[in-house]
Amino acid sequence: MNLRQIEVFRAVMIAGSVSEAARLLHISQPGVSRMLGHIQSQLGVTLFEHIKGRLNARPEAHTLFAEVEQVYRGVTRIEDCARKLKTGGGLSLKVLATPSMALELVPQAVADTSAHFPAARFYTQTQLVREILHQLLAGEADIAISSLPIEHTLIHCTPVGQWSLTCVFAASHPFAARRRISPRDILKERLIAFSPDTPQGQFIAKYCAKLKIKPDTRIEVRSGQTACSLAACGAGVAVVDSLTARAWRSPGLAFLPINEGPTFKAFAVRNASIATSLLAQTFVERVRAGFQRLKL
């Protein structure tokens, strides 16, 4: 029996007559009768008989109907599942993010995506690049938003925006009266430094060599948030990523763009061997939109 035959047989069993079954299915009564004839001929079993002008289902029909109802319950579950997919039902997304991306940009994108898929589940985690690579390769995460590219044959990176370096300092610092700051100005100050393997550290090293200035770098950090906290306390000035500077909520901290400061791309990163879900695609779109808003 094909699906159309099953549908007609079920309608006859539920309606109790050919005419009512035809009405339910919005087809002609002769069409239903012909289909019943085909079904019985194909099965080689008589399912119905007429008694005193009424169509009566034989025991064989009731046995078949019990199986058909199980199929229909399965179809109903499939239809319910398909409807729920539109709101994220049964779907989940595990998102990784490098520290600066995890402050505002990724949380806002998760919130926007969750509003679009209210039944979906989200898991977010802040990780360094090396851990992001490990978890994506192991299938332990679906998507990552990274401040740096991740190069691997099994990893796919898509640019979603860009960020820059900015100078942070205490709100009471003389820099607060300016509109922009030069690298020379920064190097003359007590500097909250980053290690040479970071974009901030590389930027400082470049201008130290170019301007032949050796800055006061008695404080070194690995975190942009720590640098902002120290700067707000008056420990010195720091070069941090623009996303961390924007996200830092403290009346004691100010920041300004740097003349000739570099810009960097941010990336959506995923395992290239795993298909991307609509949930992940929507999330990445929201991240991209978040970067666009930052440019306004």
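Predicted model: local features only at pLDDT ≥ 70, side-chain atom pairs only at ≥ 80, totals over all residues.

Biologist: Is C233 buried or exposed?

Modeller: Exposed. Its relative accessible area is 66%.

Biologist: And C208, which cysteine sulfur is closest there?

Modeller: The one in C167. The gap is 14 Å, again too far for a bond. C208 is buried, at 16% relative accessible area.

Biologist: New topic, backbone. What is phi at H26?

Modeller: Near 60°. That is a positive value in a residue other than glycine. H26 lies in the loop that runs between α2 (18-25) and α3 (29-43). H26 is exposed, with 73% relative accessible area.

Biologist: Where is E260 found?

Modeller: In the loop between β10 (253-257) and β11 (263-271). E260 counts as exposed, at 59% relative accessibility.

Biologist: Back to α2 and α3. At what angle do they pack?

Modeller: About 110°, and their axes are 8 Å apart. The two helices are therefore roughly perpendicular to each other.

Biologist: Which residues meet there, α2 against α3?

Modeller: From α2, V18, S19, A21 and A22. From α3, Q29, V32, S33 and L36. The residues of that contact divide into five nonpolar, three polar and no charged.

Biologist: Last one. Where is S146 found?

Modeller: In strand β5, which covers residues 143-146.

Biologist: Buried or exposed, that S146?

Modeller: Buried. S146 has 0% relative accessibility.

Biologist: What does the side chain of S146 reach?

Modeller: The backbone oxygen of L148, at 2.5 Å.

Biologist: Which residues is S146 in contact with, leaving aside neighbours within four places in sequence?

Modeller: T98, M101, V129, A266, F267 and V269.

Biologist: Great, that covers my list.

Conventions:
Residues numbered from 1 in each chain as written. Heavy atoms only, no water. Disulfide = S-S within 2.5 Å. Buried < 20%, exposed > 50% of the residue type's maximum accessible area, 1.4 Å probe, protein only. Helix = DSSP H or I, 4+ residues; strand = E, 2+ residues; numbered from the N terminus. Polar contact = N/O pair within 3.5 Å; in protein donor to acceptor, adjacent residues only side chain to side chain. Contact = heavy atoms within 4.5 Å. Axes fitted to C-alpha atoms, helices over the stretch in contact; angles between N-to-C directions. Parallel < 35°, antiparallel > 145°, perpendicular 65-115°, else oblique. Nonpolar A, V, L, I, M, F, W, Y, C, P; charged D, E, K, R; others polar.
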